[in-house]
Amino acid sequence: MGEEIMKKRMKYLFLFGLLLLGASCINDSGNYDYISENEILPVTISGLPERYSIGRSELLHFAPEVKMGKESERYTYSWFITEATTTGMYPSRRHLADTKDLNYEVLLDAGSWLLSFEVADRERDIYKRHEIKLSITASPINVGWYVLKDINDKTDFDYINKEGQMYADALKLTDNEQLDGKAVSMAYQSGYYYQLFPNADGTSTLLGGQKVFHILSTKDIRVIDANNMVLFKTFDDLFYSTPEKCEPQNITFVSPYLFLMNAGKIYSINGASKHYGIFGAFTVGDYDFFDRVALAKGSSLLTFDKKTNSFCTVLVGGTYADPMADKPAESIVKGPASVTNMPYSLVEMESGGWTSSGVSVFALMQHVSTGEYYLAQLFYAGSTAYPITDFNLVPSESLLLNADFIAAPTTGSFVYFAKDNKVYSYVGASGETEKERLMLELAPNEKVASIKHFYVSNTYESYNYLAVLTNVDSKWKLRIYTPKGVGEIEPGVVAEYEGEGNGRYVMYRN
């Protein structure tokens, strides 16, 4: 009986609700006055970054620009910080200041944080907020320039911070062992790395999102926590099945994918999936891959098999290489009809500029019968499509043929190359009359070891640097220039640094 009464009551309540809804629809005239966000809270905040990195115990200083309406006395300021990620709980909010400018000595744990600046109208309980993705490191090794070097067959790196202060022998400085062998390359992985951490009870916890340095020498590899410089792994810890040869050649990270080349084999990790920071099986087959690859913003890379003179593509986690397609019959692009079993060997290959659809690549190639050299330009979009977009004969008198190495710009269809103490640019396009241009001539006893173009232009940061690393008398020198146009630089040096050892590789961490 009680159930029937309850059903009737619910029915009446439902009908009453429909009557109210109908009345509101009938009485709704459809006339609204919309008020803009700026009229409600006439406040604008500018002068703050979207991202920022700082070392623990350093002073965090920000002076935002704030424009307000007439009743500025109603507004209050506040700075607070929360963890970027938490496990099984809400992030805790830590209050830092109630002033417009922030001056705060960073005493929080190393890791990722969200720093917020808030301008609020407390009477109406409304606010505007700017959020900064803040990275805190436990060591002074942070944003800036890195020079990987070796002294007496021991590899280390020197670090120069954003104020120009240099920390020599950073591994030794942070109580890490230097790597045996000559320096090869290094990479900064900004996340997507998993590492097992031991617990007091003897168990381990797998934590993702770790920021790490990958450091390669001719005889070893080290993976080091970028927050506190703690050693995570050596070469022997990096593989489920340790390779017979320890011959590190190259390391490439494009979020979230990591590729390693060792002894002509390719290994990979998909950082988007849970893993243990350990590489699985290499790409099987009778391959001997060239030590440079091109990684598109996808899950595969372009590589070159030296045994068959073939471009091919390798999928992250894949155990085989796929051949590239032949040139379409209707194509007017210069270049061989097929990039498989070509009559051309690969001399040099470097990646150039990135776009949302792929990466440009420059390859210096030599015909195996005639000995003639060609400069190929390729575009790799992460597929097996025919990659060559231009293919031009390099004149026999060109200095490019005797270059120590080539380097690719992040923007532009040309290459840099170096010979001894000189830096040149070379334009391969057939319509160019002035193909080579001398850009820099350094001291006669200096030898150029590396050229690298660092370029970023987006909403929260921008820079444009050409880094030239040289060696002289067992010392390295790093000069930073501003490139412009095709193979030109602005007059003067932006910055110049030097240190002990033979410089091999330059990295810029922003």
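Predicted model: local features only at pLDDT ≥ 70, side-chain atom pairs only at ≥ 80, totals over all residues.
In what order do the four strands of the open sheet stand, and is the pairing parallel or antiparallel? Side-chain values rest on heavy atoms, with hydrogens and water left out.

The four strands of the open sheet follow the order β21-β22-β23-β24, and their pairing is antiparallel; strands, like helices, are DSSP runs numbered from the N terminus (strands E, at least two residues; helices H or I, at least four), and two strands are taken to pair if DSSP finds at least two bridges between them. Between β21 and strand β22 (residues 300-305) the antiparallel pairing runs over two bridges, and leucine 295 has leucine 301 in β22 as its bridge partner.

Antiparallel pairing is also found between β14 and β15, here over eleven bridges, with methionine 186 bridged to isoleucine 215 in β15. These two strands form a hairpin with five residues between them, and glycine 202 in the turn has a positive phi of about 95 degrees. Strand β14 (residues 183-198) also contains leucine 196, which is partly exposed at 40% relative accessibility; for this classification, buried means under 20% relative accessible area, exposed over 50%, and partly exposed in between, with a 1.4 Å probe and protein chains only. Together with Tyr240 and Tyr276, Leu196 forms a nonpolar surface patch with about 340 Å² of accessible area. Such patches consist of residues with over 30% relative accessible area and no salt bridge, nonpolar side chains (Val, Leu, Ile, Met, Phe, Trp, Tyr) being joined within 5 Å and like charges within 9 Å. A salt bridge is a side-chain nitrogen of Lys or Arg within 4 Å of a carboxyl oxygen of Asp or Glu, and the areas come from the Shrake-Rupley method with a 1.4 Å probe, only the protein chains shown counting as cover for residues.

A search of the whole structure for aromatic pairs returned 31, where rings of Phe, Tyr and Trp (its six-membered ring) pair if their centres lie within 6.5 Å, and where planes under 30 degrees apart count as stacked, over 60 as edge-to-face and the rest as tilted. The rings of tyrosine 52 and phenylalanine 62 have centres 5.1 Å apart and planes at 70 degrees, so this pair is edge-to-face. It links distant parts of the chain, with tyrosine 52 in strand β2 (residues 51-55) and phenylalanine 62 in strand β3 (residues 59-62), ten residues apart. Tyrosine 52 is partly exposed, with a relative accessible area of 25%, whereas phenylalanine 62 is buried at 6%. Phenylalanine 157 and phenylalanine 213 form a tilted pair, at 6.1 Å centre to centre with 55 degrees between the planes. This pair likewise links distant parts of the chain, as phenylalanine 157 lies in strand β11 (residues 154-160) and phenylalanine 213 in strand β15 (residues 204-217), 56 residues apart. Phenylalanine 157 is buried at 0% relative accessible area, and phenylalanine 213 is also buried, at 0%. Both belong to a cluster in which ring pairs link Tyr146, Phe157, Tyr159, Tyr167, Tyr188 and Phe213.

Arginine 93 lies over the face of phenylalanine 80, at 3.5 Å from the ring centre. Strand β39 (residues 502-509) is mostly covered, six of its eight residues being buried, and pairs with strand β10 (residues 144-151) in the antiparallel sense over seven bridges. In this pairing, tryptophan 145 stands opposite tyrosine 508 in β39.

Backbone geometry was also examined. The peptide bond from serine 255 to proline 256 is cis, with omega near 0 degrees, and proline 256 lies in the loop between β18 (248-254) and β19 (257-262). Aspartate 169, although not a glycine, has a positive phi of about 50 degrees and is placed in the loop between β12 (166-167) and α3 (170-173).

Key
Residues numbered from 1 in each chain as written. Lys NZ or Arg CZ within 6 Å of the ring centre and 35° of its normal.
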